[in-house]
Amino acid sequence: EYWEVSGDEVIECSPTDRLIIDAQKLDAAKVAKADQITAEFTDALASRYSADVQRDLLSMLDEARQNNNAEMAEHIQKVQIWKNAGKLILWEAHDAVAAAGSLVDVAAVSIDLTDWLYTDPQISVREIGE
């Protein structure tokens, strides 16, 4: 990757070109890592609340607010509060990826959602609809 063809010769690229290549590799690694940890968060959330259930909960939350049912709205909102807490963990990991100065640093970034998953309010659409 640090070699280039010049005429009939293969020569090592210049230090400037090497820096450019390294920067491009680092940027690509950061994008890939950010995508990976985002997918981990999304998969973890979907393992508890599918996209359809999330939409149903938001709809029920709107309905509870429109009907001035504060108790029901507060109960349903627990999922959104929980989801936002998970997003904070995700954003911290994204910040760590952005701050990484090397490929090793990027690779070292991980996201641990264990404690967050443990705090899932476990709200059921079926329970709310009854």
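Predicted model: local features only at pLDDT ≥ 70, side-chain atom pairs only at ≥ 80, totals over all residues.

I then checked its length: at 1.5 Å a residue, the 30 residues of H3 should span 44 Å, and the end C-alpha atoms lie 42 Å apart, which agrees.

Next I asked which residues of H3 are buried. I noted Ala73, Ile76, Val79, Trp82, Lys83, Gly86, Leu90, Ala93 and Val97. I recalled that an α-helix has 3.6 residues a turn, so residues three or four places apart point the same way.

I turned to the largest nonpolar core, which has 23 residues, and saw that Tyr49, Leu57, Leu113 and Trp116 touch the most other members. Helices H1, H2, H3 and H5 each supply at least two residues of this core, and H3 gives the largest share, with seven.

My search for aromatic pairs over the whole structure returned three. One of them joins Phe41 and Trp116, a tilted pair with 5.2 Å from centre to centre and 35° between the planes; Phe41 belongs to helix H1 and Trp116 to helix H5, 75 residues apart in the chain. Both of these residues are buried.

I also examined Tyr49 and Trp82, whose ring centres are 5.7 Å apart with the planes at 65°, so I recorded the pair as edge-to-face. Tyr49 sits in the loop between H1 and H2, while Trp82 is in helix H3, 33 residues apart. Tyr49 counts as buried at 2% relative accessibility, and Trp82 is buried with a relative accessible area of 4%.

Technical notes: Residues numbered from 1 in each chain as written. Heavy atoms only, no water. Core = buried A, V, L, I, M, F, W, Y, C linked by side-chain atoms within 4.5 Å. Buried < 20%, exposed > 50% of the residue type's maximum accessible area, 1.4 Å probe, protein only. Helix = DSSP H or I, 4+ residues; strand = E, 2+ residues; numbered from the N terminus. Expected span 1.5 Å × (residues − 1). Phe/Tyr/Trp six-rings, centres within 6.5 Å; stacked < 30°, edge-to-face > 60°.
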